[in-house]
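Hello,

Here is the structure we spoke about, for you to look through. My notes on it follow below.

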Amino acid sequence: QVLMQIMYLARFARPDLLRATASLTTSLTKWTRLHDKKMHRIIRYLKATKHYKQIGFIVDNWHDIELCLFTDSDFAGDNKDRKRCSGIFLCLLGPNTFFPLAFVSKKQTATSHSSVEAEIVAMNYGVRTEGIPAIKLWDVIRGYTSVESETSDSESSCSSGSSAVTSDANEEKKLVVFQDNQ
């Protein structure tokens, strides 16, 4: 029960706890004294870092803000099956703006043969699950498309009565993707 409360906290406010708690949740049915020690260490870390806060601020004009996606993968993160872990972080960035939107730490479903392959898998997962849905939402927020045109199946279902605002020709950049290639 305590582990699930920490997992809830990690998912919404403390991304630094996400991977540690996720790895413990995979062992709920096979709990041992080693898992007790790991859980105790997480609780000690929580106590020592209770002043940590997730901060976001938006100061710039929305034309100066970019939607940025950061992706990465670790090296053979799981000792049992050598599967890697994908890390994804989505935020709004501008000259004076930083606002975190989403963060994901997920074990990859297949064993990668190289670091490059694992990085590509992480980027693919990040763009598909966080990036593309965020672009659609960002376009609606910025007024480039209407909600009706996002939910319609075809262009013809958007009647002439709906006023969908289109973007300028120079507003091509939708999502900036950063990939760590160490």
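**Notes on the core and the helices**

Leu67 is in contact (heavy atoms within 4.5 Å) with Leu90, Cys91, Leu92, Leu101, Ala134, Ile135, Trp138, Lys174, Leu175 and Val176, leaving aside its neighbours within four places in sequence. This is a predicted model: local features need pLDDT of at least 70, side-chain atom pairs count only at pLDDT 80 or more, and totals for chains, interfaces and linings use all residues. Residues are numbered from 1 along each chain as its sequence is written, and side-chain values use heavy atoms, without hydrogens and water.

Leu67 belongs to the largest nonpolar core, which has 12 residues, including Ile65, Leu69, Leu90 and Trp138. A nonpolar core is a set of buried Ala, Val, Leu, Ile, Met, Phe, Trp, Tyr and Cys residues joined through side-chain atoms within 4.5 Å; buried means under 20% relative accessible area (1.4 Å probe, protein chains only). Apart from this core lies another, of 10 residues, among them Leu3, Ile6, Ile42 and Phe103.

Helix H1 (residues 2-12) packs against helix H2 (residues 18-25) at an angle of about 145°, and their axes are 9 Å apart. Helices are DSSP runs (H or I, at least four residues), numbered from the N terminus. Axes are lines fitted to C-alpha atoms over the stretch in contact, and angles run from 0 to 180 degrees between N-to-C directions. Among the residues that meet are Leu3, Ile6 and Arg11 in H1, and Leu18 and Thr21 in H2.

Regards

Methods: Buried < 20%, exposed > 50% of the residue type's maximum accessible area, 1.4 Å probe, protein only. Helix = DSSP H or I, 4+ residues; strand = E, 2+ residues; numbered from the N terminus.
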